[in-house]
Amino acid sequence: MSQQVPLQDIDLLARMNQYLDSIGAYLREGRGWLIFNAQGQRSSRITKFLLDALTRKEPRVGHYFVPWRDFALNAYMVQVELAGHRPDRGEQIPSSRLRREYEIANNVTFDQLKRMTELPLVILSGVAPHCAYEVRYLDSIVEVRHRTRLATVLITPRSMEELSSDFRATDEENDPWSRFFERMYQSSLIAL
């Protein structure tokens, strides 16, 4: 009893149980979740609940779990490092060692990108963008998943206002938040 679950989480986990009971229908519609204010234990509890339920689910549900740290690193590799060293830009990678390192990094990031854009369900936990390249990459993944009707679960420690602010701070001119939130709103159940 020392770790009592807050009332909001009891409600959320009950709603998620209903979601998981009918997950086939939700996945066919491309319905996911956008969960705000999930910090620390709350985030761990929600993520563990989802992953445990999906592991037990029969028939199996194709899913991919990505912690924000891994996503942000992949975003950096794709948007900054690899983009700046593409051999197709006419520049040659000077040594075979560097060429191998580039190919390994490219293969690892491409593998994650493929999973994030092709599997029926992606769970991204700890969403807290701080850089423009993270926002651009997240927006592009959500856009592909929305267009192809694939379900996405985004769990963020931020409130809606804070996440909106994070997005807008990276690109004040183009308002990436409105586009991102509209896609998520159209295809997700929302929990505050």
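Author: Buried means under 20% relative accessible area, exposed means over 50%, and partly exposed lies in between, with a 1.4 Å probe and protein chains only. Helices (H or I, at least four residues) and strands (E, at least two) are DSSP runs, numbered from the N terminus. This is a predicted model, in which local features need pLDDT of at least 70, side-chain atom pairs count only at pLDDT 80 or more, and totals for chains, interfaces and linings use all residues. Residues are numbered from 1 along each chain as its sequence is written, and side-chain values use heavy atoms, with hydrogens and water left out.

Reader: Why is strand E3 largely enclosed by the rest of the structure?

Author: Strand E3 covers residues 121-125, and five of its five residues are buried, so the strand is largely enclosed. Leu121, Ile123 and Ser125 point one way, while Val122 and Leu124 point the other way.

Reader: Which strands pair with E3?

Author: Two strands pair if DSSP finds at least two bridges between them. Strand E2 (residues 63-67) pairs with E3 in the parallel sense over five bridges. E3 also pairs with strand E4 (residues 151-155), again parallel and over five bridges.

Reader: Changing topic: is Met116 buried or exposed?

Author: Met116 has 1% relative accessibility and therefore counts as buried. This residue lies in helix H5 (residues 96-118).

Reader: What does Met116 touch?

Author: Contact means heavy atoms within 4.5 Å. Not counting residues up to four places away in sequence, Met116 touches Tyr64, Val66, Phe71, Asn74, Val122, Tyr137, Ile141 and Arg145.

Reader: Where does H6 meet H8?

Author: In H6, Val135, Leu138, Asp139, Val142, Glu143 and His146 make the contact. Their counterparts in H8 are Pro176, Arg179, Phe180, Arg183, Met184, Gln186 and Ser187. The contact residues divide into six nonpolar, three polar and four charged. Here Ala, Val, Leu, Ile, Met, Phe, Trp, Tyr, Cys and Pro count as nonpolar, Asp, Glu, Lys and Arg as charged, and the others, Gly among them, as polar.
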